Amino acid sequence: MERRPVDAQDPRRMRPVPAGRRCRLTAEQRQYFKSILEDAQTVTVRELIRDRPRIVIQPSADEVEVITDIEAREVAVESLVRHSARLRQIRNALFRIDSDDFGTCAGCGREISLKRLAAVPWTPLCIACQEDADGGGPASRLGGVPRRAA
Ligand SMILES: [Zn+2]
C-alpha cells in the first residue's frame, strides 16, 4: 500500500476507516486516553489564557524596554500558535475517541501503536506517516540512505 503524506492539522483530509474494521482498543484503554486528553485539554486552555496578555503591546518610552517587549511578545506568539495547534489536535482526538477512528492512522489506515498513543494521545498519525508529514520520509528513517528506485 502506498502511503501519502497528510496534513496532520486538517481532519477533513483524514481518510475514513474502512467499514468493518475494528480498533483493538479496549473500553478501559479508551476511557484512559479520554481522561488523558481531557486533562491535556484543560492544561492547554490554561496555557492559552496565560499567553494571551503577553502579546498585548505595552507603550514605553524606554528603547531597551521596547526591544525586550518585542522579544517577549514573539516568544508568546510562538507559544500561542503551538498551543492552539495542540488544542485543535486534542479536540479532534476527543471527537474521535468513541469511534474506531481513534487509534487508527488517518494517513495509512493502520493501527497506531499503543506506545505512540501513550506518548502522543492526540496524534491522528502513526509514526511513519508523521515522519512523512514532517518531511522526513522513509529515507530519513534509514539514516538518509535513499531508497532504490523500483
Ligand atoms: Zn500511518
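Predicted model: local features only at pLDDT ≥ 70, side-chain atom pairs only at ≥ 80, totals over all residues.
Glycine 107 is placed in the loop between α2 and α3, the latter comprising residues 114–119. In space, the C-alpha atom of glycine 107 lies 9.2 Å from that of alanine 128, while 21 residues separate the two in sequence.

The protein chain as a whole contains 5 helices and 0 strands, so that, read from the N terminus, its elements follow the order α-α-α-α-α. Of the 150 residues in the protein chain, 20% are buried. When contacts between residues at least 6 apart in sequence are considered, 64% of them join residues at least 24 apart.

Helix α2 covers residues 63–96, and its 34 residues should span 50 Å at 1.5 Å a residue, which agrees with the 50 Å found between its end C-alpha atoms. Within α2, the residues Gln89, Ile90, Asn92, Ala93 and Arg96 are buried, and the elements that cover the buried residues of α2 include α1, residues 27–51.

The packing of two helices is described by the angle between their axes together with the distance between those axes. For α1 and α2, the angle is about 155° and the axes are 9 Å apart; because angles over 145 degrees count as roughly antiparallel, α1 and α2 are assigned to that class. The crossing of α1 and α2 is left-handed. On the α1 side, the contact is made by Leu37, Ala40, Gln41, Thr44, Val45, Glu47, Leu48 and Asp51, whereas α2 contributes Ala76, Ser79, Leu80, His83, Ser84, Arg86, Leu87, Ile90, Arg91, Ala93 and Leu94. Sorted by class, the residues in the contact of α1 with α2 are 10 nonpolar, 5 polar and 4 charged.

Histidine 83, which is located in helix α2, is one of the residues that make this contact. Histidine 83 has 19 C-beta neighbours inside 10 Å and therefore counts as partly exposed, since a buried residue needs 20 or more. Apart from neighbours within four places in sequence, histidine 83 is in contact with Thr44, Glu47, Leu48 and Asp51, residues that are listed for α1 in the contact between the two helices. The C-alpha atoms of histidine 83 and valine 45 are separated by 8.0 Å, although the two residues are 38 residues apart along the chain.

Note on methods:
Residues numbered from 1 in each chain as written. Helix = DSSP H or I, 4+ residues; strand = E, 2+ residues; numbered from the N terminus. Buried ≥ 20, exposed ≤ 12 C-beta atoms within 10 Å, placed from the backbone. Contact = placed C-beta atoms within 7 Å. Expected span 1.5 Å × (residues − 1). Axes fitted to C-alpha atoms, helices over the stretch in contact; angles between N-to-C directions. Parallel < 35°, antiparallel > 145°, perpendicular 65-115°, else oblique. Left-handed = near helix turned anticlockwise from the far one by under 90°. Nonpolar A, V, L, I, M, F, W, Y, C, P; charged D, E, K, R; others polar.
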